[in-house]
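Please consult the sequence and the model shown below while reading.

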Amino acid sequence: IIADRREGIGICGWILVSLSFFLVLITFPISIWACIKVIREYERAVIFRLGRILSKKAKGPGLILILPCTDSFIKVDLRTATCNIPPQEILTKDAVTTQVDGVVYYRIHSAVSAVANVTDVHSATFLLAQTTLRNVLGTQSLAQLLAGREEIAHSIQTILDSATEHWGIKAARVEIKDVRIPLAMQRAMAAEAEAAREARAKVVAAEGEMNASKALKQASMVLAESPAGLQLRYLQTLTTLAAENNSTIVFPLPINMLESLGTKNRGG
């Protein structure tokens with residue numbers, strides 16, 4: 001980590017810088033093309049003078065001036081980068097083996113820290129994202145992993161932010177792309193879901209039967225008060241059946257009608 005207190009470049013260093021500046025003057029204007037560098041809008045330049053960082057703040061964008069022989073610079077891209085995490089074999093809290101992959105979006109907010117504090121900031125962020133994903137998902141059950149992806153992604157992002165702060169990295173977003181479950185576990189989960197649906201269907205059917213029986217009980221009480229109404233309901237049912245199915249229907253005549261016909265014949 002860069003220390004806040006910095007020592008000077010020393011007498012020899014100032015002599016070399018003076019010689020370099022003098023060389024630029026005597027070869028001007030040819031040397032100006034070697035001294036001026038263009039930094040793009042999304043880039044920053046970290047300048048080293050005799051091996052020391054020239055300033056705590058990176059230079060750019062625009063034109064920057066460097067001295068030949070004594071100065072060198074490294075360009076740092078500040079655009080958001082993506083880190084694809086390959087499928088990781090993870091054992092969840094409830095002992096289920098899964099494969100999880102994800103993606104991390106991050107950017108460099110301090111070019112000086114990204115250059116001075118870590119050898120390869122992109123490789124270090126990639127490896128840290130892999131390790132963090134495995135550690136966080138190892139503490140979750142399969143149900144939590146499937147239902148709480150957003151909360152898990154936010155937790156991974158928080159851990160990455162705290163770990164990469166001194167690298168000059170800011171994790172913008174973390175997403176879990178896919179969760180692969182073994183085929184045997186998929187079949188078991190499908191059987192469990194099917195059994196739950198069948199149980200709910202049976203409960204609904206039983207409730208429907210109960211409601212229908214209550215309605216039939218109330219209807220029978222109403223029809224019991226009027227025998228003629230029962231006969232009319234019987235004839236209405238036969239009419240409905242004849243309209244839906246073109247068939248011959250044989251039904252018995254009511255006994256009271258036969259008795260009334262027999263009485264009339266004897267009387268005649």
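Which residues does UniProt list for "transmembrane region"? The unreviewed UniProt entry gives residues 12-34; UniProt positions follow the numbering used here, feature names are shortened, and annotations may be inferred rather than shown by experiment. The model is predicted: local features need pLDDT of at least 70 and side-chain atom pairs count only at pLDDT 80 or more, while totals for chains, interfaces and linings use all residues. Residues are numbered from 1 along each chain as its sequence is written, and side-chain values use heavy atoms, with hydrogens and water left out.

Over residues 12-34, the chain is 78% helix and 0% strand, and the C-alpha atoms at the ends are 23 Å apart. Helices (H or I, at least four residues) and strands (E, at least two) are DSSP runs, numbered from the N terminus.

**Nonpolar cores**

A nonpolar core is a set of buried Ala, Val, Leu, Ile, Met, Phe, Trp, Tyr and Cys residues joined through side-chain atoms within 4.5 Å. Buried means under 20% relative accessible area, exposed over 50%, and partly exposed in between (1.4 Å probe, protein chains only). The largest such core has 37 residues, and those with the most contacts inside it include Val 46, Ile 152 and Ile 156. Several elements each supply at least two residues of this core, among them strand E2 (43-49), helix H4 (121-137) and helix H6 (149-164). H4 gives the most, with six residues. Domain 1 (11-76) and domain 2 (80-181) each provide at least three residues; these bounds come from an automatic or database domain assignment. Apart from this core lies another, of five residues, including Ile 39 and Ile 66.

Leaving aside neighbours within four places in sequence, Ile 156 is in contact (heavy atoms within 4.5 Å) with Thr 132, Leu 133, Val 136 and Val 174.

**An open sheet**

Three strands form an open, antiparallel sheet in the order E3-E2-E5; two strands pair if DSSP finds at least two bridges between them. The edge strands, E3 (52-53) and E5 (71-77), each pair on one side only. Seven bridges join E2 to E5, and Val 46 has Ile 74 as its bridge partner in E5.

**Cysteines**

A disulfide is a pair of cysteine sulfur atoms within 2.5 Å, and the count by this rule is zero. Cys 69 is in no disulfide; the nearest cysteine sulfur, that of Cys 35, is 9.5 Å away. The table gives two accessibility values.

| Residue | Relative accessibility | Class |
|---|---|---|
| Cys 12 | 60% | exposed |
| Cys 69 | 74% | exposed |
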